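Welcome, and please have your viewer ready. We will go from one chain as a whole to the packing inside, one selection at a time.

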Amino acid sequence: MKTSNFPKCYKKETKPNKFCPGCGHSLTLKTLGQVIDGFEISKKMVFGIDIGCSLLAWDFFDIDTVQTHHGRVVPVIKGIKMASPKTVAIAYMGDGGGYAIGLQSLLHSAKRNDPITVILVNNTLYGMTGGQKAPTTMKGEVTSSTPGGVFTDDEPFMGPELINHITKGKAYTARASVGNLFDLKRKIQEAIMYQINGKGFAFVEVLSMCPLNWKTDVKNTIEFLDKMEKVFPVGVIGKS
Amino acid sequence: MAVKVKAKKYLLTGNEIIVQAALDAGAEMFCGYPITPTTEILTGWAEKAAKDKNLLFLQTEDETSAGFTVIGGVLAGKKAWTATAGPGNILMQDPMSMAEAMRLPTVCYIGQRGGPSTGTVIYSQQEVTLTRFGGNGEGMRIVYSPSTLQELYDLTIKAFEAAWKYRFPTFVLGDGYLGKTLGDVDFHKKPKNYASYPFVQNGEINNLRNTFSIEEELYDNLKDHFKDFTEMSKDVSECEEFMLKDAQTVVFAHGVVGSATKMAVRELREEGYRVGLFRPITLSPFPSKETIRAVKRAKRIVIAESSYGQFGRIVREVLYGVTDIPVHRLYRPAVGIMPEDIVEKVKNISK
C-alpha cells in the first residue's frame, strides 16, 4: 500500500504533526522536505528553528535539528556554518522572530553575506501566544493586541525588500506563498542551491495561514491569504 | 604519573594572557562584541586569527548574537568562546541560559565593571550573582574567580577543560584591574586537552531542543542536571586556605580582593594578629565543606568584597546554622579594596 507522498526525511513517529489544522507551517515544511529529499542533503544539513509556532518542528524531520531561542536561530545557524562550512545550514523562523526580536541578527547576517538559508514564515501575527500584532500585521488588521483594528497605522514590514536593499542585490531574496506550492518549492530550491553554490545569504519569506488566530473559516482563510499576496508581492526580489 | 610541564615566563597584560590561555586550551573560535574592559581579548584574538586560518573569529552585532554564534560553533564541534562585561554580561545570559538547558560546553570570560547599568568601565565584583544565576534557571554553571595573572592563565585553561568534560556553561570571572595589569606569567602547554566533539553531524540524527510541553518531563530532565552538577562539584570546587590553622579572624575574599587580603594577612601576622584568608577559587560550585571547616576555631569573620554583599550572601548561606560568631562586612561596591583597608578593618574588630 502506498502510504503517502510524504517526504522521506519526515520523522514518521512524530506524525501527525503538532501544528493546528489549516496551519501553513505543515505545507511549508512538507515542501521543504521535498526539496531536501530531491537534493539528498538530509544527512549533510542542520535545521535550526526559532521560537513561536516554528519550535513545534524541533522533531519534525529525521534530520539534525536545533531548536533555539526567540529571534536567535540565525546566529546559531551562522555559528554552525562558520565551524562546519560543508554543512547545509537552514534557519526556520516566524515573522516575529525574524522581523522583531531577531531583526538585528537577521540583517547583520545578510549584510555579512553569510552562506546560510533562512526561511521565514509570515502569517501577519504572533501565532503561539494567541495572535498579537506582528511587524507584518496589515493596516486595519484585527489581532488580539489591535482590537477593532486600532494601533495598526504603521506600514507592514517588507523583509525581503529590506534585505535586498542593504545587500545591494547580493543576497537571494524572494517571497512565496503557501497558496502556490510549486512556486514555493522552486524558491526554496533556489535558496538552498544559493548556499550550496557558495553564493551567500539566501532568504525566502513564505506567506502562510493561521486560521486559528485569524478566526477565519476555509473561504475567509483563502481570502485573507489573497489579501496578503496583494500587500506582500510574491516573486524573486533579488539575486546575483 | 606527573605531567611534564614546559614553563616559560612572559610579560603580558591580563587580557593578553586570557587569549594565550584559550589558545593553549585548544580554543578554535571566538565571537564577541567590543566592551570595556574586555575589548583587548576580542582584538587580541582577531590578530591571532588574522595570522592563523585555523582560528575562527566573528565580531557580532551584539553580545546576544556573540553567545548564540558561539553555541553554533560548539554544536558543530569547535571549542568556541567569548568574553564580555557588565551590560554585555546581561545580554549574554540569553545564550548562556540555552547552553545551561541543553548542557552545551561554553566558555565565557567576564571582566566585571561597575554597575548597575552602564556604571563604570574597569572594576567591580558586582557580577557574581549575574554570572552564577543569570538565567531563568537554577545556575547550573561553573564559575572561576582568579586572583592573580598566573591564575588568570591557569583557570582559563581549567575552564575549557571543565566545560567540555562536564558540559556546563563555564565562566572565568575577572575584572578590568586584572585584565589591564601588566605582569609576568608562566605558560605551560599541557600535552593533553579535553577534546571537543560535535553535537550535530556526528553520525546520528540529533533533534535537540530546550522546550518541553509537559512539566514533569522538564523536571525529570533537570533532576539529571542537578545530579551531574552535584557529582561534578567535588572534583571542580577549589579554594585557597591561607594561614587558617590558628586564625581567630577569618577573612573571606575572592578574586583580586583575595590577593589584597593575602598581603594584609601577612602584614597583620607580623604584628601578631591571628588572622587567615579563605578564598574560594570557584564561586560555583562553591567550596562549602571547606568554608565550614575554615571557621571552626574562628572567633570572627570578615567578608571583604567590591560589591554590596553578593559574595557575602553565598558565604553566610553556607555558614547558616553552623556558627554564630560575628560577621563583619567590608563591602565597597565598585571600588577597589587595598591591603591597608583590610588591615584597618581587622584591627578595629579585634580590639
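Contact, on this tour, means heavy atoms within 4.5 Å. Keep in mind as you click along that this is a predicted model.

**Stop 1: chain B as a whole.** The C-alpha trace spans about 65 × 50 × 50 Å along its principal axes. Chain B has a radius of gyration of 20 Å, which agrees with the value near 20 Å for a compact globule of 351 residues.

Stop 2: Now draw the contacts in chain B between residues at least 6 apart in sequence: 80% of them join residues at least 24 apart.

**Stop 3: the largest nonpolar core.** Which residues touch the most other members of this 132-residue core? Select A:Val66, A:Val118, A:Phe201, B:Trp45, B:Leu75, B:Trp81 and B:Phe252 to see them. Next, highlight helix α6 of chain B (residues 149-166), which gives the most to this core, with 11 residues. Colour chain B by domain as well: domain 1 (8-236) and domain 2 (239-350) each supply at least three residues to the core.

**Stop 4: around B:Phe252.** Centre on B:Phe252 and show its contacts, leaving out residues up to four places away in sequence. Its partners include B:Phe278, B:Thr291, B:Phe311, B:Val315 and B:Leu319. Also among them are B:Val295 and the run B:Ile301, B:Val302, B:Ile303 and B:Ala304.

**Stop 5: a second core.** Finally, select A:Tyr10, A:Ile63, A:Met138 and A:Val204, which are among the 44 residues of a second, separate core.

Note on methods
Residues are numbered from 1 along each chain as its sequence is written. Chains are lettered from A and ligands numbered from 1 in the order in which they are written. This is a predicted model: local features need pLDDT of at least 70, side-chain atom pairs count only at pLDDT 80 or more; totals for chains, interfaces and linings use all residues. Side-chain values use heavy atoms; hydrogens and water are left out. A nonpolar core is a set of buried Ala, Val, Leu, Ile, Met, Phe, Trp, Tyr and Cys residues joined through side-chain atoms within 4.5 Å. Buried means under 20% relative accessible area, exposed over 50%, partly exposed in between (1.4 Å probe, protein chains only). Helices (H or I, at least four residues) and strands (E, at least two) are DSSP runs, numbered from the N terminus. Domain bounds come from an automatic or database domain assignment. The radius of gyration is taken over C-alpha atoms; the globule rule is 2.2 Å times the number of residues to the power 0.38.
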